[in-house]
Amino acid sequence: MAAKQRPERVLAIRPRYARLYTDPGVPLAERNYKHAFLAWELPVMTTALVCIDCWSWHFSEETLERIDTICSERIAPLLAACRTAGMPVIHMPANPVAQKHPNFRRMRPESGEASPAWPDSPEWPPVEFRGKIAAYAGLARPAEPQRRDREGHRATARDFHKTCIPAADEPVLLDGEDLHRYCAETGILHLFFIGFNTNACVMMRDYGLPAMVRRGYHGILVRDCTTGMEIAGTVADLTCTNGTIADIEQFLGYTVTSEELKAALGGK
């Protein structure tokens with residue numbers, strides 16, 4: 001008698017997004033644009049938790065305080081739940097952190113340089129303009145006296161946050177092309193993003209949520225497992241963080257909370 005096949009584990013999740021429309025008869029006005037939820041049942045092995053730049057260091061003291069709290073109180077339990085449930089975890093810590101870890105792998109033989117543009121793509125804007133040099137030097141931002149120390153620390157002392165160290169054979173990847181190739185090789189379609197900073201690396205890296213959505217993946221931000229970089233006028237209300245979350249929910253993808261994701265991982 002054939003052995004009974006084990007059923008595939010399913011992740012039942014309700015991703016949140018922001019409707020920019022209304023029900024018939026309700027005025028199309030911002031005051032009426034509300035959150036809505038979908039009901040998905042995803043095979044766990046087609047999902048992955050993508051840890052973006054979960055570092056042990058940040059040059060901004062308040063940002064680092066929030067990162068430490070989020071890593072300890074929310075990300076660490078979420079990582080444990082993912083590992084217990086068999087949900088793949090992928091680490092994207094950028095260089096030089098990625099290359100230092102024994103789990104670092106490249107998914108292609110090419111160098112770490114970005115893919116070249118189309119051969120017939122126009123060479124524009126001019127090199128001098130892009131570099132803000134020569135005739136365009138006056139358009140550059142002023143030099144910051146503390147930048148050299150910041151960059152030195154990045155090169156020598158930055159590492160994984162103590163709560164986010166890769167376990168077992170969890171892959172440590174370098175860039176968006178490697179993440180794409182890893183997902184293609186393993187059949188991953190749905191990417192749950194955590195990490196820092198919401199309005200910087202999560203949005204701007206070539207392995208961040210918008211970049212992977214443009215490649216065709218589902219991008220789901222775990223909205224309580226991230227924080228943005230704020231400034232004097234926004235830090236009290238975390239305006240930059242919350243605005244970026246709203247942008248994602250309006251135009252790019254979806255969000256969930258860590259509690260929702262953990263509950264789904266503990267389900268059927």
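Modeller: Happy to! A residue is called buried under 20% relative accessible area, exposed over 50% and partly exposed in between (1.4 Å probe, protein chains only). This is a predicted model, in which local features need pLDDT of at least 70 and side-chain atom pairs count only at pLDDT 80 or more, while totals for chains, interfaces and linings use all residues. Residues are numbered from 1 along each chain as its sequence is written, and side-chain values use heavy atoms, leaving out hydrogens and water.

The structure holds 12 salt bridges, each a side-chain nitrogen of Lys or Arg within 4 Å of a carboxyl oxygen of Asp or Glu. In one of them, Arg83 meets Glu170 at 2.7 Å, N to O. This pair links distant parts of the chain, 87 residues apart: Arg83 sits in helix α1 (residues 61-85), Glu170 in the loop between α4 (147-156) and α5 (176-186). Helices here are DSSP runs (H or I, at least four residues), numbered from the N terminus. Arg83 is partly exposed at 32%, whereas Glu170 is buried at 10%.

Within helix α5, Arg181 and Glu177 are 4 residues apart, about one helical turn, and their closest N and O atoms are 2.7 Å apart. Arg181 is partly exposed at 30%, and Glu177 is buried at 18%.

Helix α9 (residues 258-265) holds both Lys262 and Glu259, 3 residues apart, and the closest N and O atoms of their salt bridge lie 3.0 Å apart. Lys262 is partly exposed at 22%, but Glu259 is exposed at 51%.

Finally, a network of salt bridges links Arg106, Arg108, Asp175 and Asp178.

Conventions:
Helices (H or I, at least four residues) and strands (E, at least two) are DSSP runs, numbered from the N terminus.
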